[in-house]
Amino acid sequence: MAERVRPAGTAKPPLAATLRRIERSAGGLASSAVARMDETLPWFRALPADQRSWVMLVAQAGVRSLVEWLRSGGAVATTQEISDEVFAAAPRALARSITLTQAVQLIKVTIDVAESEVGELAAAGEEEALLQAILKFSREIAFSAARVYARAAESRGAWDARLQAMLVDALLRGDSSDVLASRAAALGWADAPPVAVVVGRSPGGEITSVLHAVYRAARRARLEVIGGVHGDRLVVVMSGVTDPAASAAALASSFGEGPVVVGPAVPSLDQATESARAALAGFRAAAAWPGVPHPVAADDLLPERALAGDMAARRMLRHDVYGALHRAGGGLLETLDAYFASGGVLESAARELYVHPNTVRYRLKRVAEVTSLSPLDGRDAFALRLAMTIGRLDPAT
């Protein structure tokens with residue numbers, strides 16, 4: 001009778017005697033591995049008792065799985081299932097308590113102990129076969145550990161993405177500071193002042209991938225951020241930003257096409273709703289400025305925001321620009337009227353006001369000092385004219 005050909009990818013199983021020896025020694029082998037961990041791994045000695053007991057469970061499950069794997073002849077089809085059972089013996093919390101690097105150290109110690117016991121475990125003549133089997137099985141266990149940590153990372157990433165989306169929604173709704181603080185704390189947020197919010201179009205795709213790109217850019221720029229996708233918009237909260245525009249520029253590549261608008265800096269997260277609303281209003285109005293910078297400050301879009309119906313922008317133009325000129329006096333408003341009416345010609349404005357052109361120059365310079373907007377700049381002149389119109393329609397300053 002012809003000898004049955006063993007399928008490719010399987011190994012001839014050790015003798016039954018070897019399996020019985022391993023089964024009898026399973027408890028002692030696991031205890032020896034844990035004792036070796038205690039001797040050689042300082043961080044393992046510092047673990048709480050419950051976590052050390054979990055490691056013992058994993059070690060015992062590993063020995064049992066080795067026996068099952070040897071009994072199956074090392075069949076490739078069952079290797080992943082058997083090796084995954086090793087980590088099913090411990091709670092998922094173990095993956096959060098022990099890093100992947102530490103898990104690899106534990107596996108190495110266990111394999112070293114198993115190798116040192118080959119002479120006692122293997123039947124006569126089976127030492128080399130058992131050693132090779134242990135080494136091959138250890139590779140499968142390492143891959144299984146990587147799968148466990150990858151699944152934990154994916155789950156944690158998805159959960160973090162949901163928490164961040166909830167925080168962004170809370171910011172946009174203007175929820176209480178307690179709600180913002182609790183959700184930020186769950187994400188490990190360091191609320192370092194000042195805080196600013198950036199809004200742009202999402203590049204699309206999986207949300208976790210979008211946020212991963214944001215965090216990668218933030219790490220390069222040494223920024224602390226929380227991000228969330230809100231509809232087709234990507235909203236990013238930055239902390240500890242002394243220059244919001246520069247920080248937003250470092251993150252700009254993480255956004256999709258279109259404008260990227262950064263809100264004003266505020267002292268803390270519980271006031272970030274103000275920054276978020278300004279950034280969102282600027283994002284909606286930015287299309288009205290063909291040459292809008294990338295990124296652009298929300299306050300640079302005050303004219304477009306006011307025309308788009310943003311009452312906060314309207315109030316700022318009325319109070320901070322028109323109101324400031326009205327309070328400063330000195331003929332500044334009259335000088336601006338004459339200057340704009342003359343098409344920006346100093347001499348014509350001076351004749352209209354019956355003053356010297358140098359007086360007009362001085363007053364225009366004062367306008368820039370009072371409002372931070374220069375009448376000589378086309379963009380600033382647009383904001384000044386709109387502020388004067390709003391101020392006269394609603395003179396409450």
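Me: What has to be found before two strands pair?
Reply: Two strands pair if DSSP finds at least two bridges between them. Strands are DSSP runs of E with at least two residues, helices are runs of H or I with at least four, and both are numbered from the N terminus. The model here is predicted, so local features need pLDDT of at least 70, side-chain atom pairs count only at pLDDT 80 or more, and totals for chains, interfaces and linings use all residues. Residues are numbered from 1 along each chain as its sequence is written, and side-chain values use heavy atoms, with hydrogens and water left out. In this structure, β2 (residues 224-230) and β3 (residues 233-239) run antiparallel and are joined by 7 bridges. Histidine 230 has arginine 233 of β3 as its bridge partner.

Me: Which residue between β2 and β3 takes a positive phi?
Reply: Glycine 231, with phi near 70°; the hairpin has 2 residues between the strands.

Me: Which residues of helix α17 are buried, and which are exposed?
Reply: Buried means under 20% relative accessible area, exposed over 50%, and partly exposed in between (1.4 Å probe, protein chains only). In α17 (residues 346-353), Leu346, Ala349 and Ala350 are buried. They lie on the same side of α17 because they cover an arc of only 100° around the axis, the arc being that of the directions from the helix axis to the C-beta atoms. Arg351 and Glu352, on the other side of α17, are exposed.

Me: What covers the buried residues of α17?
Reply: The cover includes α16 (332-341) and α18 (357-371), where contact means heavy atoms within 4.5 Å.
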